[in-house]
Every structure is written in structure tokens, then in C-alpha cells.
Amino acid sequence: MKHSDETKRILSVSLKEIMGNKPLEKISIRELTEKANVNRQTFYYHFEDIYDLLKWTFQQETVQLLDVDENSLFWKQGLLQLFKYLEVNKEFCLNALQSLGRGHLKRFFYSDISTMLGKVIKSLCKNLNASEEHVAFLTHFYTLSLAGLVESWLLGEMDQTPEEIIEIIDTFIQDQIRGAEHRINGIG
């Protein structure tokens with residue numbers, strides 16, 4: 001299994017290096033396998049296509065960043081690490097975004113961001129006796145919002161630092177929960 005993982009990592013590193021200078025859709029399997037010094041059969045043994053390799057790369061490099069418990073400090077640290085990853089790998093991520101389109105890249109991150117936020121929201125809502133449907137709705141809402149914000153930041157459309165964005169998101173979620181608590185308890 002170690003050899004298989006190492007081969008995947010070699011292919012992943014090669015893809016990232018090539019994507020530093022070339023759009024994803026212009027990269028051939030041949031070019032990729034030559035760069036990685038493996039044959040085409042080896043590539044297809046591990047991946048269906050280049051998009052499958054790209055997805056694997058993002059999952060390997062970012063999933064552990066978002067795999068945090070419901071503690072608010074840890075989820076904020078995980079999200080900050082995601083922003084740092086995007087910053088360090090900006091050319092690669094922008095290339096992926098431009099090559100795949102926004103919908104595909106969102107799907108890569110959606111389940112991981114949703115899992116992370118779902119844990120946080122469920123924890124924050126435990127005193128509210130919120131229904132599963134309500135928690136699921138909030139999780140979906142915040143996941144889409146966060147994915148959009150991350151994308152907008154990556155594209156340079158936002159001036160805030162990652163730390164500022166995370167604090168604003170945290171404040172917004174906390175305010176929503178406090179508002180729900182007030183509503184349930186009949187306060188103000």
C-alpha cells in the first residue's frame with residue numbers, strides 16, 4: 001500500500017508542477033506520466049483521468065485541515081490552515097478553478113466543509129432543541145456561504161485577511177445562535 005500511495009503522490013506533485021505553467025485542460029496524460037516518470041498504465045491503475053487525480057490531490061492536501069471536532073477554536077484553526085494552503089498553492093488552485101469551473105471546485109470541497117461546519121453547528125445548536133432538518137439547513141447555508149467566500153478570496157475579490165474572514169464568520173454564526181436562543185426563550 002505504501003508504494004501505491006507514493007506513486008499517487010508522485011503523480012500529484014507532477015500535476016501541480018505542470019499546472020504552475022499550463023491550464024489543466026491542456027495537460028495530457030502522456031506529459032504527466034513523463035514528468036512523473038511512470039507509464040500510462042500506472043496512471044490508469046490509480047486514477048480514471050486527470051480530474052480524478054486533481055480531486056485526490058485536493059482531498060489529500062486539504063481534508064485533514066478540515067477534519068476537526070466541534071470546538072470553535074479548532075474549526076477556526078482548520079479553516080485558517082485551508083486559507084494558508086490556498087495562499088501557498090494559489091497558482092495551482094486558481095488554475096484548477098479556471099479549468100474546472102466554479103461548480104466542480106465547490107463539489108471537491110463541499111462535503112469536507114459541510115462535515116466540519118455540521119459538527120460545529122450541531123454543537124452550537126444542542127441547547128436549542130433544533131430539529132435535524134434545521135441543523136441540516138444551517139449547515140448547507142453556511143457551507144455554500146463559506147465556499148463562496150473562500151472562492152472570492154482566492155480570486156482576489158476580497159480585501160480581508162483569512163483571520164478577519166474567519167472572525168466575521170464566527171461572529172455571524174454565534175449571533176445567529178444567540179438570536180435563536182432569544183427567540184426560543186422569548187427574550188426581546
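## Core, pocket and ring pairs of a predicted helical model

F172 is partly exposed, with 47% relative accessible area; that class lies between buried (under 20%) and exposed (over 50%), with a 1.4 Å probe and protein chains only. This is a predicted model, in which local features need pLDDT of at least 70 and side-chain atom pairs count only at pLDDT 80 or more, while totals for chains, interfaces and linings use all residues. Residues are numbered from 1 along each chain as its sequence is written, and side-chain values use heavy atoms, leaving out hydrogens and water.

F172 pairs with Y142: the ring centres are 6.0 Å apart and the planes stand at 80°, so the pair is edge-to-face. Y142 in helix α8 and F172 in helix α9 are 30 residues apart, and the pair links distant parts of the chain. Helices are DSSP runs (H or I, at least four residues) numbered from the N terminus.

The whole structure holds seven aromatic pairs. Rings of Phe, Tyr and Trp (its six-membered ring) pair if their centres lie within 6.5 Å; planes under 30 degrees apart are stacked, over 60 edge-to-face, and the rest tilted. Two of the pairs are set out below.

| Pair | Centre distance | Plane angle | Type |
|---|---|---|---|
| F47 and W56 | 5.9 Å | 65° | edge-to-face |
| Y142 and F172 | 6.0 Å | 80° | edge-to-face |

A pocket is an open set of points on a 1 Å grid over the protein atoms alone, where a 1.4 Å probe fits, with protein on both sides within 12 Å along at least five of seven lines; lining residues have an atom within 4 Å of a point. The pocket holds about 180 Å³ of space, and α8 and α9 each give two or more residues to its lining.

The largest nonpolar core has 49 residues, of which L15 and L54 touch the most other members. Such a core consists of buried Ala, Val, Leu, Ile, Met, Phe, Trp, Tyr and Cys residues joined through side-chain atoms within 4.5 Å. α8 gives the most to this core, seven residues. Beyond its neighbours within four places in sequence, L15 is in contact (heavy atoms within 4.5 Å) with L24, I27, L32, I50, L53 and L54.

Note on methods. Grid points are joined across faces, edges and corners, and a volume is the space filled by probe spheres set on the points.
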